[in-house]
Amino acid sequence: MKTIQFLPLFMLLILGSCSSVRVANDFDKNVDFTQYKTFAFYKNGIDKVEISDLDKKRILRAIEEQMVAKGFTKSENPDLLVNIFTKSREQVDVNTFNAGWGYGWGWGWNPWMYGGQTSVSRSTEGTLFIDLIDAKKKEMVWQGEGDGNLTKNTEKKEERIKEFVTKILEQYPPKKK
């Protein structure tokens, strides 16, 4: 009976994990993040990112939206420089499903043997890194990272990128312990 009660929760976790972005961050614990009020993009670093210019624009727009929503101002003389880095890899999943008859206890051939089915699915998983660099010291002070499945559907691409950026920057500024 208890198993049945936990089944909906388990299914929710499974479904939620399929589309979500997994995030992590790291930061310099000696930095006072309240001192930062302005930002700009680190053009030299962003130019080196090997993704399409369209995707770069989508990412930068989403970052600018989030930074402004957090109270930052874009500036020619910034406190923080924002840099990005991306990685992607193809994920191949092979599943074999054998529901039916087959060899069981005993010896011999079973006329009801069923061969089962094998399915192969491919997806692209990507990682987006957002680096925040102290503009005066030229030192990285915070890095956020998000992993998740990517889409090639141009209708959903903007939405997915916004989800990555929003989840990553939800962790900035770091909480004091």
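Lys74 is partly exposed, with a relative accessible area of 45%, where buried means under 20%, exposed over 50% and partly exposed in between (1.4 Å probe, protein chains only). Its side chain meets that of Glu64 in a salt bridge of 3.3 Å, N to O, a term that requires a side-chain nitrogen of Lys or Arg within 4 Å of a carboxyl oxygen of Asp or Glu. The pair links distant parts of the chain, Glu64 lying in helix α3 and Lys74 in strand β3 (residues 73-74), ten residues apart; helices (H or I, at least four residues) and strands (E, at least two) are DSSP runs, numbered from the N terminus. Residues are numbered from 1 along each chain as its sequence is written. The model is predicted, so that local features need pLDDT of at least 70 and side-chain atom pairs count only at pLDDT 80 or more, while totals for chains, interfaces and linings use all residues, and side-chain values use heavy atoms, with hydrogens and water left out.

Lys162 is partly exposed at 34% relative accessibility, and Glu65 is partly exposed at 44%.

A further salt bridge joins Glu125 and Arg22, with the closest N and O atoms 3.1 Å apart. Because Glu125 lies in strand β5 and Arg22 in strand β1 (residues 22-27), this pair ties together parts that are 103 residues apart in sequence. Glu125 is buried, at 14% relative accessible area, whereas Arg22 counts as partly exposed at 40%.
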